[in-house]
Amino acid sequence: MQKLLKRTSQVQKQAARRQRIAKSKNDSDTRKLQHNQLKVHNQARREVFVSARQAQREDWFLGPLAPRRDVGDKAETYGTVPLRLVESPEKMDGKWKKWGIREGDRVCVVGKKEREKGKIGVVREVSERSET
């Protein structure tokens with residue numbers, strides 16, 4: 001009887017371990033997919049902004065000889081950014097960590113490449129969806 005109980009316990013532990021490993025692999029795949037989506041999103045944003053800066057530079061150098069970008073195929077979208085690039089992609093569930101920052105708190109921006117680095121302000125809104 002003791003051997004039967006031991007074997008049953010062992011089988012249950014093995015099944016639990018297999019489920020844990022499968023869940024870990026699934027979470028890893030989800031994170032990898034989300035990371036790739038974020039990378040593609042940021043690359044598309046970068047391309048739009050780089051091309052806009054390049055066009056602005058070209059317009060400044062050429063002056064009145066600059067090409068008219070506000071006519072033709074792009075007449076209705078001239079000077080706009082696609083909506084899919086404005087909205088940040090969804091963050092993965094379960095990754096959100098409670099920071100301890102709430103609305104009304106005074107905070108200091110500490111990002112490396114931020115224009116607002118070192119500025120102190122009051123938090124107006126905390127979004128769990130986009131982790132901002």
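Here is a short tour of side-chain contacts, stop by stop.

Keep in mind that this is a predicted model, where local features need pLDDT of at least 70, side-chain atom pairs count only at pLDDT 80 or more, and totals for chains, interfaces and linings use all residues. Residues are numbered from 1 along each chain as its sequence is written, and side-chain values use heavy atoms, with hydrogens and water left out.

Start by selecting Asp 27 and Lys 23, a salt bridge with its closest N and O atoms 3.2 Å apart (the rule: a side-chain nitrogen of Lys or Arg within 4 Å of a carboxyl oxygen of Asp or Glu). Both sit in helix 1 (residues 2-62), four residues apart, or about one turn of the helix; helices here are DSSP runs of H or I, at least four residues, numbered from the N terminus. Asp 27 is partly exposed at 28% relative accessible area, while Lys 23 is exposed at 54% (buried is under 20%, exposed over 50%, partly exposed in between, with a 1.4 Å probe and protein chains only).

Next, pick Asp 59 and Arg 69, whose side chains meet in a salt bridge at 3.0 Å, N to O. This pair links distant parts of the chain, ten residues apart: Asp 59 is in helix 1, and Arg 69 is in the loop between helix 1 and helix 2 (83-86).

Now click Asp 70 and Arg 68, another salt bridge, at 3.7 Å between the closest N and O atoms. The whole structure has five salt bridges.

Key. Helices (H or I, at least four residues) and strands (E, at least two) are DSSP runs, numbered from the N terminus.
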